[in-house]
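Good morning, and thank you for coming. I would ask you to keep the sequence and the structure in view while I speak.

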Amino acid sequence: MMGPHYLSRFFTPKTVAIVGASEREDSVGYRLLLNMQEAGFSGGLYPVNNKRDSLLGLKAYPDLLSVPDDLDLVVIATPAATVPGIVRQCGEKNVTSIIIITAGFGELGDEGKRLQQEVLDIAHRYSIRIIGPNCLGVIRPSGYLNATFGDGVVKDGNLALLSQSGAVCTAILDWAKAQDIGFSTVVSMGGAADIDFGEVLDYLATDSKTTGILMYVEGIRDARLFFKRFKSRR
């Protein structure tokens, strides 16, 4: 029998930490934590904020290394300059799956590209995989997972949505809600610095909850690999 897909911790985590969780209602970190709670996530949920002892009724931790349990997934929503250090902490804690919500990387020119490469170098050293940066996040309604900062609850269904643009992703989700359409999985790819469309398609091809896939693609980093994976799963 085949074991779990190597991306499965992004979509079916049992423990999730949100670095940059906040009590400010206008912040991304607040919305991320609230969405996880409103989705009904039943696993371990750990807000990380070095200025608060608790957030939204949950104990908060000053850093990832202070979290007492193993972590399947870490979601990062802190300023770009802090991200390399947080990724290093993930490596020290044996975390292998990270979503980087933060913007300010490859899309911002040479300095952003340098910072992005630093993040990737650290991640590769610890065998960490990354969705993002500069993305909306990931939703898996059947697993009560909403690791995004969007508004509203997403209905469970059989259609997967992959979008490079967070704005387009949000627009489609708003339209789908009005049409009573549900989703098996939603992935905002963002900058796709590490995990690209081909790898997520490979996961979805093994997913019994997904019968159709909708994609908004602005560009593919490795077209040869994309078509190779696509053809092998047809």
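I shall go through the strands, the helices, the backbone exceptions and the surface in turn.

Please bear in mind throughout that this is a predicted model.

I begin with the hairpin formed by strand 8 and strand 9, in which 4 residues lie between the two strands. The strands run antiparallel and are joined by 4 bridges. Tyrosine 144, in the turn, has a positive phi of about 55 degrees. Strand 9 comprises residues 145–148 and is covered on both faces. Leu145 and Ala147 are buried on one side, and Asn146 and Thr148 are buried on the other.

Arginine 140 belongs to strand 8, residues 137–140, and stands opposite leucine 145 in strand 9. Is arginine 140 buried or exposed? Its relative accessibility is 4%, so arginine 140 counts as buried, the limit being under 20%. What does its side chain meet there? The side chain of arginine 140 makes a polar contact with the side chain of aspartate 207, at 2.9 Å. Beyond its neighbours within four places in sequence, arginine 140 is in contact with several residues, including Phe11, Ser184, Thr185, Tyr203 and Lys209.

Arginine 129 itself, at 22% relative accessibility, counts as partly exposed.

The structure holds 11 salt bridges in total, and two further examples may be set beside that one. Glutamate 111 forms a salt bridge with arginine 114, the closest N and O atoms being 2.9 Å apart. Both residues lie in helix 4, residues 110–125, and they are 3 residues apart, about one turn of the helix. In an α-helix, with 3.6 residues a turn, residues three or four places apart point the same way. Glutamate 111 is exposed at 51% relative accessibility, while arginine 114 is partly exposed at 41%. The other example is arginine 24 with aspartate 26, where the closest N and O atoms are 2.9 Å apart. Arginine 24 is partly exposed, at 48%, and aspartate 26 is exposed, at 66%.

Now to the backbone. Most residues other than glycine have a negative phi, and most peptide bonds are trans. Where is a cis peptide bond found in this model? The bond from glycine 132 to proline 133 is cis, with omega near 0 degrees. Proline 133 is in the loop between strand 7, residues 129–131, and strand 8.

Two loop residues have a positive phi. Leucine 56 has a phi near 50 degrees and sits in the loop between strand 3 and strand 4. As to accessibility, leucine 56 is partly exposed at 33%, whereas alanine 192 is buried at 5%.

Another loop residue deserves mention. Tyrosine 61, in the loop between strand 4 and strand 5, is buried, with a relative accessible area of 11%. Apart from residues up to four places away in sequence, tyrosine 61 touches a run from Tyr46 through Pro47, Val48 and Asn49 to Asn50, and also Ser66, Val67 and Pro68.

Glycine 44, in strand 2, is buried as well, at 18% relative accessibility. With residues up to four places away left out, glycine 44 touches Lys14, Thr15 and Val16.

I close with the surface. Which residues form a nonpolar patch there? Ile213, Met215 and Val217 do so, with about 210 Å² of accessible area together. Methionine 215 lies in strand 12, residues 212–216, and counts as partly exposed at 32% relative accessibility.

Thank you for your attention.

Definitions and conventions: Residues numbered from 1 in each chain as written. Predicted model: local features only at pLDDT ≥ 70, side-chain atom pairs only at ≥ 80, totals over all residues. Heavy atoms only, no water. Buried < 20%, exposed > 50% of the residue type's maximum accessible area, 1.4 Å probe, protein only. Contact = heavy atoms within 4.5 Å. Polar contact = N/O pair within 3.5 Å; in protein donor to acceptor, adjacent residues only side chain to side chain. Patch = residues over 30% accessible without salt bridge, like charges linked within 9 Å, V, L, I, M, F, W, Y side chains within 5 Å. Areas by Shrake-Rupley, 256 points an atom, 1.4 Å probe, with all protein chains shown as cover. Salt bridge = Lys/Arg side-chain N within 4 Å of Asp/Glu carboxyl O. Pairing = 2+ DSSP bridges.
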